[in-house]
Amino acid sequence: MDVKITPSPLSGVIAPPPSKSMAHRLIITAALGSGVSTIGNVAFSQDIEATLRCMETLGARWERTETDGIRVHGIGKPADTQEPLPYFDCGESGSTLRFLIPIALAVSGGGVFTGRGRLMERPQKPYFDLFDEKGIFHQQMDGVLTVRGKLTPGEYRLPGNVSSQFFTGLLLALSLLDAPSTIVSTTALESADYIDMTIDAMENAGVSVTVDHDRRTFHVTPAAYRAFDAEVEADWSQAGFWYAANFLDNRLDIQGLNPRSSQGDMVISELYWRLARPGDTEIDLSGCPDLLPPLAVMAAVRSGTTHFVNAARLRIKESDRLATVHQLLTALGGSSQELPDGLIVQGVSRLSGGTVDGANDHRIVMAAAIAATACQSPVTILGAQAIQKSYPSFWEEYQRLGGNIHVL
C-alpha cells in the first residue's frame with residue numbers, strides 16, 4: 001500500500017498504543033507459567049502475533065478477553081526433549097526470535113526457527129559463541145535456524161554492547177533450569193533499561209533475579225513461573241512519533257504514559273527539550289536506538305546540527321535504519337550525513353516534500369508521516385502497510401487527528 005499525504009496540521013488527544021516490548025515479556029512469562037494469566041491492554045500487531053504463535057507451539061493456549069486483553073493458559077513444567085523439534089515462525093519479530101531460542105532449548109531441547117523480511121539475516125553470534133562453548137548444536141542455512149541440545153545451569157558471558165535481546169532470552173530461559181545460573185556482561189551494558197523490563201516481568205510472575213551493584217552480573221534463581229494479572233502500559237517508543245509531531249508545531253495532547261516506566265525510550269521527553277534548544281548537540285543512542293527516526297525528524301527542522309552516535313546496531317533492524325533515515329530526510333529536503341555508526345543532521349528551515357521508500361520498516365513509515373506535516377508539498381510513502389508490524393492503528397489515529405491521507 002502506498003499513500004500520499006497532503007500536509008495538514010494534527011491536533012487532538014492521542015494515547016500511544018500498548019508497549020510491544022512489555023507485551024512480549026508478559027506473554028512469554030504467562031505462557032511459561034502454571035495456571036491462567038490475564039494480560040490487559042494488548043495491541044495485536046504482527047510482532048505480538050508472532051510471539052503468541054510461538055508460545056502456542058510450545059504448548060500454551062490463549063484467547064481474547066471481552067476487553068482488549070488476553071487470557072493465557074501456561075504450559076507449567078517444561079516437557080522433555082521433543083522429536084521432531086518444534087517449528088517456530090517468528091514473522092519479522094527480532095524479539096520473538098531471540099527470546100525464544102534459549103527458551104526452546106530449556107523447554108523442548110531446541111527448535112527450528114524461520115521468519116520473513118530481514119529477520120533471519122540478523123546476527124545471532126552471541127548465542128552461537130555460547131552454544132559452541134556449551135556443546136549445543138546450531139545450524140543456519142537458507143533462512144532456517146536449527147538449535148538442538150540441553151541448556152544447562154552455569155555461567156553465561158556476553159559482551160554488553162550486543163542487543164539486550166540476548167540477555168533477555170537467557171534470563172527467561174535459565175530460570176526454568178534446576179540450578180542457579182549467572183549471566184555476566186563482559187563490558188559496560190548498553191540498553192540496560194530493556195533488561196530491567198525483563199526482570200520486572202519475571203518478578204511479576206514470581207521469578208527473582210539478583211543484579212550486582214556494577215550492573216554487569218545477573219544471578220538467576222530457578223523458580224516456577226506463576227499465573228498473574230497485568231496490564232500492558234503505553235509504549236514510550238511509539239510516543240516518540242507524537243512527540244516529534246508536537247516538535248513540528250502540531251498540537252497534540254499525549255496521554256496515558258507512565259512517568260515511572262522502566263522503558264528506556266521514556267528518555268524521549270528529555271531529548272525533546274534538548275533538541276528544542278538551538279545549537280549543536282550530540283545524542284547517544286546506545287540505550288534508545290528505536291528513537292532515531294522520530295528524533296531525526298525533529299533534528300531535521302531545528303536550529304543547529306545534531307550528531308547521533310553509538311547507533312551501529314540500527315543497521316540490522318527491519319531496514320538498515322541509518323541508511324533509510326538518511327534517505328528519508330534527503331528525500332524530503334533535509335540535510336544529513338550517514339556515518340558508519342551514526343548520523344549527522346543539519347537543521348533546515350523547512351522540509352520540501354517528496355517520495356519516501358518505507359523500506360518495509362514500520363518506524364521509517366511513521367517518521368515520514370510525521371515529517372509530512374511540516375513539508376511544503378505532498379509526501380508519498382511507498383509500502384505504508386509496514387506499520388502493521390507494531391502500530392496497526394497508526395493510520396486511523398493519524399486521520400482522526402487531522403492527517404490528510406490518500407491511498408494510491
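Reader: Is Asp 2 buried, partly exposed or exposed?
Author: Keep in mind that this is a predicted model. Asp 2 sits in the segment before strand 1. Buried would need under 20% relative accessible area and exposed over 50%. Asp 2 comes out at 29%, so the label is partly exposed.

Reader: Which backbone nitrogen does the side chain of Asp 2 reach?
Author: Setting aside neighbours within four places in sequence, Asp 2 touches residues including Ile 381, Leu 382 and Gly 383, plus His 406, Val 407 and Leu 408. One of these contacts involves the Asp 2 side chain and a backbone nitrogen, 2.9 Å apart. That nitrogen belongs to Gly 383.

Reader: What is the strand order in the open sheet of four strands?
Author: The pairing in this sheet is mixed. Neighbouring strands are turned by 20° against each other on average, ignoring direction. Read across, the order is 20-21-1-22.

Reader: Do strands 20 and 21 run parallel or antiparallel, and which residue in strand 21 is the bridge partner of Asp 357?
Author: Strands in a sheet pair through backbone hydrogen bonds, in either a parallel or an antiparallel way. Here four bridges join strand 20 to strand 21 (residues 379-382), and the two run parallel. For Asp 357, the partner in strand 21 is Leu 382.

Reader: What angle does the direction of helix 11 make with that of strand 21?
Author: Helix 11 covers residues 362-372 and packs on the sheet. Its contacts there are with strand 1 (3-6), strand 20 and strand 21. Against the direction of strand 21, the helix makes an angle of about 175°.

Reader: Is Gly 403 buried or exposed, and at what relative accessibility?
Author: You'll find Gly 403 in the loop between helix 12 (394-400) and strand 22. Apart from neighbours within four places in sequence, Gly 403 is in contact with Ser 8, Leu 10 and Tyr 398. The cut-off for buried is under 20%. Gly 403 therefore counts as buried, with a relative accessibility of 11%.

Reader: Which residue supplies the backbone oxygen 2.9 Å from a polar side-chain atom of Ser 108?
Author: Ser 108 belongs to helix 3 (residues 94-108). Ser 108 is buried, with a relative accessible area of 0%. A polar atom of its side chain lies 2.9 Å from a backbone oxygen, and the residue supplying that oxygen is Gly 110.

How values were computed:
Residues numbered from 1 in each chain as written. Predicted model: local features only at pLDDT ≥ 70, side-chain atom pairs only at ≥ 80, totals over all residues. Heavy atoms only, no water. Pairing = 2+ DSSP bridges. Axes fitted to C-alpha atoms, helices over the stretch in contact; angles between N-to-C directions. Contact = heavy atoms within 4.5 Å. Buried < 20%, exposed > 50% of the residue type's maximum accessible area, 1.4 Å probe, protein only. Polar contact = N/O pair within 3.5 Å; in protein donor to acceptor, adjacent residues only side chain to side chain.
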